[in-house]
Amino acid sequence: NSSHEFEVLLDSRPIGTHRFDVRRASDGTHQVTSVAAFDVKFLGFNAYRYRHQATERWARGCLAQIDASTDDNGKRLRVARELRDGCVSSYAYWDPELLLKQRELLNPQTGEIDAVKVETVGEETLTVRGAPVRADRYRLRSEKFVIDLWYSKTGEWLQLDSSTDSKRQLRYRLRDASARVARTP
């Protein structure tokens, strides 16, 4: 069982959080829940609002079921299905061994299959929880986007960078566990 909680930044300004919880059941299946909430403010007003919640069930390295709902600034999307044919994967950032070998990924917002290419960028040092960490960087490319991902040498997901449609930088930065505790009332 693991949790990955990220602070989400847009052009270096905090806009929200995205949390992934991975739970392993006694039968070997995994349940992954994902909750995201972003608010982009402009002149004190909420210029953009994003909410996403998904529950995925995985069996033998394949996505078996997904139930996801997204509110993308008023545009509501829902993907709910059981997957029985073949071995489909979604954007399983939480599992680099699974994600980085894929050539097609199910988009949990749209339900579409995205063709992707994974490239190894190289090794870098990131500051994580106040300390330097050696990380492997990968680039995930599709027709619509480029996503850079960093993983520690032990496979922990550390960071994600992507460009938005408006050419702004979106960054997921792993939240410091002590900072979460300090903010708890």
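View 1. At a relative accessibility of 17%, Cys62 counts as buried. Here, buried means under 20% relative accessible area, exposed means over 50%, and partly exposed is in between (1.4 Å probe, protein chains only).

A word on the model: it is predicted, so local features need pLDDT of at least 70 and side-chain atom pairs count only at pLDDT 80 or more, while totals for chains, interfaces and linings use all residues. Residues are numbered from 1 along each chain as its sequence is written, and side-chain values use heavy atoms, with hydrogens and water left out.

**View 2. Cys62 and Cys87 form a disulfide.** Their sulfur atoms are 1.9 Å apart; a disulfide is a pair of cysteine sulfur atoms within 2.5 Å. By this rule the count comes to one disulfide. The link of Cys62 and Cys87 is left-handed, with -105° about the S-S bond. Cys62 lies in strand S5 (residues 62-72) and Cys87 in the loop between S6 and helix H1 (96-99), so the pair ties together parts that are 25 residues apart in sequence. Helices (H or I, at least four residues) and strands (E, at least two) are DSSP runs, numbered from the N terminus.

**View 3. Here is the largest pocket, with a volume of about 1300 Å³.** A pocket is an open set of points on a 1 Å grid over the protein atoms alone, where a 1.4 Å probe fits, with protein on both sides within 12 Å along at least five of seven lines. Its volume is the space filled by probe spheres set on the points. The largest pocket is lined by 39 residues, and Tyr50, Asn107, Gln109, Ser162 and Leu170 lie nearest its centre; lining residues have an atom within 4 Å of a point. Among the elements that give two or more residues to this lining are strand S2 (13-24), strand S3 (30-42) and strand S4 (45-59). By class, the lining has 19 nonpolar, 12 polar and eight charged residues. Asp, Glu, Lys and Arg count as charged, Ala, Val, Leu, Ile, Met, Phe, Trp, Tyr, Cys and Pro as nonpolar, and the others, Gly among them, as polar.

**View 4. Ser12 has a positive phi.** The value is near 75°, in a residue other than glycine. Look for Ser12 in the loop between strand S1 (2-10) and S2. Ser12 counts as exposed, at 60% relative accessibility.

**View 5. Lys167 has a positive phi of about 65°.** Lys167 is not a glycine either. You will find Lys167 in the loop between S12 and S13, where it is exposed, with a relative accessible area of 74%.
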